[in-house]
Amino acid sequence: MTTALRRIVFIAMIAVIWEVTSRLSVLPDFMFPRLTQVLETLFNGLVNGQILAAVGKSMSRLLVGFIVAIILGLIMGYLIWRYKLVEDTLGFLVTALQSIPSIVWFPLAIIWFGLNDFSILFIVTIGATWTMTVSATSGFRNVPTLYQRVAKTFGSTGFHFIRTVILPASVPQLLSGLRIAWAFSWRALMAGELLGAGGGLGQLLETGRSLGQMDLVISVMIIIAVIGTIMDNVVFIRLERSVQKKWGLA
């Protein structure tokens, strides 16, 4: 039995158990909706464009915040790796800030930027920046010293040294950091949209909760899970396999 078939059978079993349990349960539909009801709500939301519009809004925020986090993380990671003074100061601060959940920054974001897209983008960026910084620092540190000495022997310095030696050699570690940073930024986005305003999947979740429509809430949760699965399997796992194959690890 192939992996895809196993997954299909497993999901089908969960669906049957869900439908039977919800029909036999004494709980009302707004607390434990049937799977058929959830799928109907999901289909209607896709057809009328409500869910698609929310997905587009959330993904646009996520991509912007994630790209900014990658840039900041790479820059700070390089500075922490390159300079001892920065490691002792900024590196120490990044380690401390990484332990703070990104949603804790939301009250400050509202005060600084207001209840708008900027505050949510700030939360998304914060959610991924520290993780990307730590991963980049670790990746740069793990570049074999032999590679660096050989490159410098052949006259590689400055940006050429970073582009041709440091970055390529640290790609496996950076990919792992990207994968983790994406997960953190995705969670931060949902938390920010739940508390914030301006549409998005998180705001749609809050609408379903306030109206007592658990079928809508679960529909959005399914969309979030599908997007996360697609990103992880189609983008990050394929990138990791490609890197492993290029490096002769697979």
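# A tour of the helices and their salt bridges

Select R141 and E87: the two form a salt bridge, with their closest N and O atoms 2.8 Å apart. A salt bridge here is a side-chain nitrogen of Lys or Arg within 4 Å of a carboxyl oxygen of Asp or Glu. This pair links distant parts of the chain, since R141 is in helix α6 and E87 is in helix α4, 54 residues apart. Helices (H or I, at least four residues) and strands (E, at least two) are DSSP runs, numbered from the N terminus.

Before going on, note that this is a predicted model, in which local features need pLDDT of at least 70 and side-chain atom pairs count only at pLDDT 80 or more, while totals for chains, interfaces and linings use all residues. Residues are numbered from 1 along each chain as its sequence is written, and side-chain values use heavy atoms, with hydrogens and water left out.

Show the surface of the selected pair. R141 has 44% relative accessibility and so counts as partly exposed; E87, at 28%, also counts as partly exposed.

**Stop 1: along helix α4**

Select residues 84-98, which make up helix α4. The 15 residues of α4 should span 21 Å at 1.5 Å a residue, and the end C-alpha atoms are 20 Å apart, which agrees. The expected span is 1.5 Å times one less than the number of residues in the helix.

Now look at L90, where α4 bends by about 30°. The bend at a residue is the angle between axes fitted to the seven residues ending there and the seven starting there.

Next, select D88 and K84, which form a salt bridge with the closest N and O atoms 3.5 Å apart. Both lie in α4, four residues apart, about one turn of the helix. An α-helix has 3.6 residues a turn, so residues three or four places apart point the same way. D88 has a relative accessible area of 46% and is therefore partly exposed, whereas K84, with 54%, is exposed.

Which residues of α4 are buried? Select V86, G91, V94 and L97. These buried residues pack against α3 and α6. Contact means heavy atoms within 4.5 Å.

**Stop 2: from α4 to α5**

Move to S102, in the loop between α4 and α5. Is S102 buried or exposed? Its relative accessible area is 16%, so S102 is buried. Leaving aside neighbours within four places in sequence, S102 is in contact with I123, I126, G127 and A188.

Then select L108, I111, W112, F113 and F118, which form a nonpolar patch on the surface with about 570 Å² of accessible area together. Patches are made of residues with over 30% relative accessible area and no salt bridge; like charges are joined within 9 Å, and nonpolar side chains (Val, Leu, Ile, Met, Phe, Trp, Tyr) within 5 Å. Accessible areas come from the Shrake-Rupley method with a 1.4 Å probe, and for residues only the protein chains shown count as cover.

Helix α5 (residues 106-113) gives the largest share of the patch, four residues. F113 is in this helix and counts as partly exposed because its relative accessibility is 36%.

**Stop 3: a link between α3 and α6**

Select D117 and K57, a salt bridge with the closest N and O atoms 3.6 Å apart. D117 lies in helix α6 (residues 117-141) and K57 in helix α3 (residues 50-82), so the pair ties together parts that are 60 residues apart in sequence. D117 counts as partly exposed at 29% relative accessibility, and K57 is partly exposed with a relative accessible area of 32%.

How many salt bridges does the structure hold? There are eight.

**Stop 4: two distances along the chain**

Select G45, in helix α2 (residues 35-47). At 4% relative accessibility, G45 counts as buried. Not counting residues up to four places away in sequence, G45 touches Q50, I51 and L52. Draw a line between the C-alpha atoms of G45 and S219: these residues are 174 apart along the chain, and the separation is 8.7 Å.

Finish at A169, in helix α8 (residues 158-169). A169 is buried, with a relative accessible area of 16%. The C-alpha atoms of A169 and M31 are separated by 52 Å, with the residues 138 apart along the chain.

Notes. Buried < 20%, exposed > 50% of the residue type's maximum accessible area, 1.4 Å probe, protein only.
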